[in-house]
Amino acid sequence: MLNMLIILARLLKILRLWPVVQYLVLSELFISIAAFFLKRNLKPLYGKISKSKRNILVFNCERWMVDLKVLHDTGKVNLFDFKNSYITFLSIFFKDSGKEKKIGDDKTPDHKEKNYYYKVIDDKVLQNREKKFIFATKILSKLKNKLNISAALNCSFWYFIDQEWLKASEYIGINTIVIFKEYTTIDDKGSSDRLKNINGFVFQ
């Protein structure tokens, strides 16, 4: 299904209909439908939702389940899985297939190159990132109000596909925190201690 949508997106770009698609995606109607779908499908990672706990949005949960279980066991949070598949799908609408010029180089940058995301200066790419940020801001604002989101967690700030979502989260006043999985999983005791220490900062 996702591959079919990607092919359709390329076809729309060839037909020069992409600006129309982006306009519709950024419309209040589409935003409301997307927010409704996400609210219905955001599931707690562990057990049932408790109204006495803070609601936390989690990115890339599959990469750091052990750490999230430790955080869940503090008994203070409901952890909601913002699936990577949602971000991957929604990014289709804001991805430019042209060259991504970077600082000091007219060639297309290697996406595996460290920090390439921050070196891109291509106007079309930057415009698409801005549209993606606006979209993420609108979606997360609705989810924040509907689910009373207190914070957003990720296990790294190097995942380029998450950048606009994390910026949008911070922009609308959701505490946005990165807990590096490489840092927390040195040993079980260290992981537990470090995760519990963020309670006073995030969930007070």
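Q: What is a salt bridge, in terms of nitrogen and oxygen?
A: A salt bridge is a side-chain nitrogen of Lys or Arg within 4 Å of a carboxyl oxygen of Asp or Glu. The structure discussed here is a predicted model.

Q: Which side chain does Glu164 meet in a salt bridge?
A: The side chain of Glu164 meets that of Lys132, with an N to O distance of 3.9 Å. Because Glu164 belongs to helix α8 (residues 163–171) and Lys132 to helix α7, the pair ties together parts that are 32 residues apart in sequence.

Q: Is Glu164 buried or exposed, and what about Lys132?
A: Both Glu164 and Lys132 are buried.

Q: And why would two such side chains pair in general?
A: Side chains of opposite charge can pair when their charged atoms come close.

Q: How many salt bridges does a search of the whole structure find?
A: The search finds four salt bridges. One of them joins the side chains of Glu28 and Lys142, at 2.9 Å from N to O. This pair links distant parts of the chain, with Glu28 in helix α3 (residues 28–41) and Lys142 in helix α7 (residues 123–147), 114 residues apart. Another is formed by Asp73 and Lys69, whose side chains meet at 2.9 Å, N to O.

Q: What is the relative accessible area of Glu28? What is the relative accessibility of Lys142?
A: Glu28 has a relative accessible area of 47% and is therefore partly exposed. Lys142, at 23% relative accessibility, also counts as partly exposed. In the Asp73 pair, Lys69 is partly exposed as well, because its relative accessible area is 34%.

Q: Back to the helices: at what angle do the axes of α7 and α8 cross?
A: The axes of α7 and α8 cross at roughly 50° and come within 8 Å. The two helices are therefore oblique to each other, and their crossing is right-handed. On the α7 side, the contact is made by Arg129, Lys132, Phe133, Phe135, Ala136, Thr137, Ile139 and Leu140; on the α8 side, by Glu164, Trp165, Lys167, Ala168, Ser169 and Tyr171.

Q: How do the residues of the contact of α7 with α8 divide, as nonpolar, polar and charged?
A: Eight are nonpolar, two are polar and four are charged.

Q: How do the axes of α3 and α7 cross?
A: Those axes come within 9 Å and cross at roughly 50°, so α3 and α7 are oblique to each other. The crossing of α3 and α7 is right-handed. Residues of α3 in the contact include Glu28, Phe30, Ile31 and Leu38, and those of α7 include Phe135, Ile139, Lys142 and Leu143. The contact of α3 with α7 has nine nonpolar, one polar and five charged residues.

Q: Changing topic, where does Asn55 lie, and what does Asn55 touch?
A: Asn55 lies in strand β1 (residues 54–59). With a relative accessible area of 12%, Asn55 is buried. Leaving aside residues up to four places away in sequence, Asn55 touches Asn78, Phe80, Leu147, Asn148, Ile149, Ser150 and Ala151. The C-alpha atoms of Asn55 and Lys144 are 9.3 Å apart, although 89 residues separate these two along the chain.

Q: In which strand is Ser150 found?
A: Ser150 is found in strand β3 (residues 149–154). Its relative accessible area is 15%, so Ser150 is buried. Not counting residues up to four places away in sequence, Ser150 touches Arg54, Asn55, Ile56, Ile174 and Asn175.

Q: What about the phi of Asn148?
A: Asn148 is not a glycine, yet its phi is positive, at about 55°. Most residues other than glycine have a negative phi. Asn148 sits in the loop between α7 and β3. At 56% relative accessibility, Asn148 counts as exposed.

Q: And what is the phi of Asn60?
A: Asn60, likewise not a glycine, has a positive phi of about 55°. Its place is in the loop between β1 and α4 (65–72). Asn60 counts as buried, at 4% relative accessibility.

Q: Finally, how many helices and strands does the chain have?
A: The secondary structure comes to 11 helices and four strands. The chain has 204 residues, of which 44% are buried. Among contacts between residues at least 6 apart in sequence, 69% join residues at least 24 apart.

Key:
Residues are numbered from 1 along each chain as its sequence is written. This is a predicted model: local features need pLDDT of at least 70, side-chain atom pairs count only at pLDDT 80 or more; totals for chains, interfaces and linings use all residues. Side-chain values use heavy atoms; hydrogens and water are left out. Buried means under 20% relative accessible area, exposed over 50%, partly exposed in between (1.4 Å probe, protein chains only). Axes are lines fitted to C-alpha atoms, for helices over the stretch in contact, and angles run from 0 to 180 degrees between N-to-C directions. Angles under 35 degrees count as roughly parallel, over 145 as roughly antiparallel, 65 to 115 as roughly perpendicular and the rest as oblique. A crossing is left-handed if the near helix is turned anticlockwise from the far one by less than a right angle, and right-handed if clockwise. Contact means heavy atoms within 4.5 Å. Ala, Val, Leu, Ile, Met, Phe, Trp, Tyr, Cys and Pro count as nonpolar, Asp, Glu, Lys and Arg as charged, and the others, Gly among them, as polar.
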